[in-house]
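Thanks for coming. Please keep the view open while I talk.

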Amino acid sequence: MAAQTGQDTARRGGRPASDPMLVTGYAMVLPGGWRRIPVLHGSKRAITDILDEVFGRLPRNLPPVRIRPYRLELERRLHGMVRQARSQGALDLYLPVEYVHGVAVPASFIVSRGMPGGGELLDASQIVATMAAGSADASPATVDGVPGVRLDRIAEPDRAQGMAAASRRVDYVVPVPGIPGDWLVIAFSTLGDGRPGGPFTRLLVELFDA
């Protein structure tokens with residue numbers, strides 16, 4: 001992940017910010033087959049595009065009456081994921097839409113903005129140090145040259161949220177450069193192979209870390 005500055009905006013033909021180092025957004029390098037759904041605006045269009053892509057791979061001779069129930073169910077699930085991400089204050093939802101070696105990838109992550117510490121404008125380095133030292137699940141991490149915190153934990157099954165098995169959660173919490181009190185949170189979740197410590201689960205976590 002990389003921050004986009006006013007200089008980046010100018011190079012891309014956009015309107016430059018007054019401060020060339022002011023962060024105006026972020027950029028992600030996604031693995032093949034992953035797609036972004038904006039949570040605040042444009043989610044309906046993005047979901048429609050994903051559905052068209054997924055079901056466009058099916059044989060053209062399949063009758064629409066057979067395909068429609070599956071499309072409606074997937075559409076319902078995607079909108080549910082967006083609603084849940086929105087309730088968590090997310091900006092964007094990322095998820096895979098292609099099989100990898102014939103296997104579905106049970107993973108997703110969201111990008112949110114937040115303010116740790118109950119809203120107090122504390123020094124970012126102090127917050128990072130406190131978070132990293134305050135939990136066995138936390139460790140220091142650097143994202144695009146910015147010191148932050150990586151959290152790695154196991155979430156127990158939550159049938160109310162449709163989670164019948166434990167999941168692996170990995171979060172990165174990073175201060176936004178040049179904007180005091182503004183933080184970016186990248187929260188990853190995967191069921192993996194059904195075992196939080198299983199080899200496929202570990203592989204997906206490594207992919208997210210990369």
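Leu95 lies in strand β4. Helices and strands here are DSSP runs, helices being H or I with at least four residues and strands E with at least two, numbered from the N terminus. Before going on, a word on the source: this is a predicted model, where local features need pLDDT of at least 70 and side-chain atom pairs count only at pLDDT 80 or more, while totals for chains, interfaces and linings use all residues. Residues are numbered from 1 along each chain as its sequence is written, and side-chain values use heavy atoms, with hydrogens and water left out.

Is Leu95 buried or exposed? With a relative accessibility of 8%, Leu95 counts as buried; buried means under 20% relative accessible area, exposed over 50%, and partly exposed in between, using a 1.4 Å probe and protein chains only. Strand β4, residues 90–96, is mostly covered, with six of its seven residues buried. Beyond its neighbours within four places in sequence, Leu95 is in contact (heavy atoms within 4.5 Å) with several residues, including Trp34, Ile37, Leu78 and Ala107.

Now the strands around β4. Two strands pair if DSSP finds at least two bridges between them. β3 and β4 pair in the antiparallel sense over five bridges, and Ile37 stands opposite Leu93 in β4. β4 also pairs with β5 in the antiparallel sense, over four bridges. There, Leu93 has Ile110 as its bridge partner in β5, and Asp92 stands opposite Val111.

What is the order of the strands in the open sheet? The seven strands run β3-β4-β5-β9-β8-β7-β6, with antiparallel pairing. At the edges are β3 and β6 (138–143), each pairing on one side only. Neighbouring strands are turned by 20 degrees against each other on average, direction ignored. Axes are lines fitted to C-alpha atoms, for helices over the stretch in contact, and angles run from 0 to 180 degrees between N-to-C directions. Helix α5 packs on the sheet, touching β5, β7, β8 and β9, and its direction makes about 15 degrees with that of β8.

Next, the aromatic rings. The structure holds five aromatic pairs. Rings of Phe, Tyr and Trp (its six-membered ring) pair if their centres lie within 6.5 Å; planes under 30 degrees apart count as stacked, over 60 as edge-to-face and the rest as tilted. Trp34 and Phe109 have ring centres 5.7 Å apart and planes at 35 degrees, so this pair is tilted. Trp34 is in β3 and Phe109 in β5, so the pair ties together parts 75 residues apart in sequence. Both Trp34 and Phe109 are buried. Phe109 also pairs with Phe208, with centres 5.5 Å apart and planes at 50 degrees, so that pair is tilted too. Phe208 sits in helix α5 (residues 199–209), 99 residues from Phe109.

Last, charges. A search of the whole structure finds 15 salt bridges, each a side-chain nitrogen of Lys or Arg within 4 Å of a carboxyl oxygen of Asp or Glu. Asp182 and Arg113 form one of them, at 2.2 Å from N to O. Asp182 is in the loop between β8 and β9 and Arg113 is in β5, so the pair ties together parts 69 residues apart in sequence. Asp182 is buried, at 11% relative accessible area. Asp152 forms another with Arg168, the closest N and O atoms being 2.8 Å apart.
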